[in-house]
Amino acid sequence: MGFIEFQPANCKNCYKCIRYCAVKAISFQNEQARVIDNECILCGRCTLVCPQNAKQMKSDLPKVQAAVRDNQKLIASLAPSYAAAFQGVSFAVLSSALKKLGFAQVEETAIGATEVSREYERLMQAGDMENILSTCCPSIIALVEKHYPELAPYLAPVASPSTVHARMIHAMYGSRAKVVFIGPCFAKKLETGKQGDLFAVLTLAELRRWLKEAKIELELLKSDEKAVEMQQTKSRLYPVPGGIVGTLDAHARRKYHCLSVDGLDRCMQTLEAMRTHRMKGYFMEMSACVGSCLGGPGMEGLGLPL
């Protein structure tokens with residue numbers, strides 16, 4: 001997979017990563033931890049709990065900065081979690097800051113989320129699927145495909161908001177535009193390279209550090225007058241627990257019981273119940289992080305406890 005960088009010299013046999021890995025995707029060989037790629041779901045837990053920083057998520061920041069230097073057309077897809085990471089800062093001000101960093105345009109990922117909700121409503125109205133699992137969280141998709149493959153048919157045949165938004169951006173700005181998703185999630189890196197939708201993924205923490213290095217002070221910036229503000233803001237609810245269900249029309253989802261489950265352990269318990277008890281007629285909104293995306297590992301200390 002190659003997304004997790006490992007520093008062997010820093011690994012001190014504490015076994016903390018093994019204890020915290022819910023899917024047992026870490027092994028020890030020759031007194032060194034190793035990630036088992038075909039088991040890993042890129043939730044980021046091991047990087048957060050390691051006291052020696054022996055494991056770190058590979059950063060796309062150098063790749064994005066190189067693209068800026070090459071004058072490539074970069075367009076930012078900014079996740080709605082920005083409101084928690086940059087409290088009190090408007091989208092228009094962040095748009096101005098990102099353009100100073102070298103982005104040609106900035107849009108909200110929630111634009112794509114609006115389309116995703118419409119697709120979920122269409123699936124629920126059709127009522128053809130026995131159960132529907134949301135497909136917004138890449139870690140959950142990986143969890144189902146790798147550890148609960150018999151439940152894979154329940155995964156909604158709908159791309160994530162970031163992928164949908166990237167496709168919308170390419171349709172508007174052309175295939176040469178490079179879309180950079182900026183949000184709280186490590187697992188979004190699983191979406192890079194797929195059909196050329198996402199060029200790179202940056203965490204909100206990386207954005208904060210980049211702004212600091214560039215000496216851009218948000219409180220001194222004026223709002224971007226050309227910022228693409230959303231008209232339908234309900235999809236900004238996506239990063240909170242129950243946020244996806246909250247965007248769905250009550251009439252459209254009447255055929256299904258809607259549940260929201262956040263936290264990897266609770267999601268695994270729910271999937272186990274679906275596998276064991278053959279539950280039927282459920283729409284499951286699932287997020288691997290406690291607190292949903294607001295508890296994401298890329299929130300730089302703002303995430304909820306593991």
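Predicted model: local features only at pLDDT ≥ 70, side-chain atom pairs only at ≥ 80, totals over all residues.
**Helix 8**

Helix 8 runs over residues 161-173. It has 13 residues and spans 18 Å from first to last C-alpha, close to the 18 Å expected at 1.5 Å a residue. Its buried residues are Pro-161, Ser-162, Thr-163, Val-164, His-165, Ala-166, Ile-169 and His-170. These buried residues pack against strand 5 (74-78), strand 6 (105-108), helix 6 (110-126) and strand 8 (178-183). Just past the helix, Gly-174 adopts a positive phi of about 100 degrees.

**Nonpolar cores**

The largest nonpolar core holds 39 residues. Within it, Leu-133, Ile-140, Leu-143, Leu-271, Met-274 and Met-286 touch the most other members. Helix 7 (138-147), helix 11 (264-277) and strand 11 (282-287) each give two or more residues to this core. Helix 11 gives the most, with 5 residues. Which residues does Ile-140 touch, not counting residues up to four places away in sequence? The contacts are Cys-267, Met-286, Ser-287 and Ala-288. A second, separate core has 32 residues, including Leu-61, Phe-103, Ile-182 and Leu-207.

**Salt bridges**

Side chains of opposite charge can pair when their charged atoms come close. The whole structure contains 13 salt bridges. Among them are these pairs.

| Pair | N to O distance |
|---|---|
| Arg-45 and Asp-265 | 3.5 Å |
| Arg-167 and Asp-197 | 3.3 Å |
| Lys-188 and Glu-191 | 3.2 Å |

Arg-45 and Asp-265 meet in a salt bridge. This pair links distant parts of the chain, 220 residues apart: Arg-45 lies in helix 2 (residues 45-49), Asp-265 in helix 11. Arg-45 has a relative accessible area of 12%, so it counts as buried. Asp-265 is partly exposed, at 41%.

Arg-167 and Asp-197 form another bridge. Here too the pair links distant parts of the chain, 30 residues apart. Arg-167 sits in helix 8, while Asp-197 sits in the loop between strand 8 and strand 9 (200-203). Is Asp-197 buried or exposed? Its relative accessibility is 7%, so Asp-197 counts as buried. Arg-167 is partly exposed, with a relative accessible area of 38%.

In the bridge between Lys-188 and Glu-191, both residues are buried. Finally, Glu-130, Arg-278 and Lys-280 are linked in a network of salt bridges.

Definitions and conventions. Residues numbered from 1 in each chain as written. Heavy atoms only, no water. Helix = DSSP H or I, 4+ residues; strand = E, 2+ residues; numbered from the N terminus. Expected span 1.5 Å × (residues − 1). Buried < 20%, exposed > 50% of the residue type's maximum accessible area, 1.4 Å probe, protein only. Contact = heavy atoms within 4.5 Å. Core = buried A, V, L, I, M, F, W, Y, C linked by side-chain atoms within 4.5 Å. Salt bridge = Lys/Arg side-chain N within 4 Å of Asp/Glu carboxyl O.
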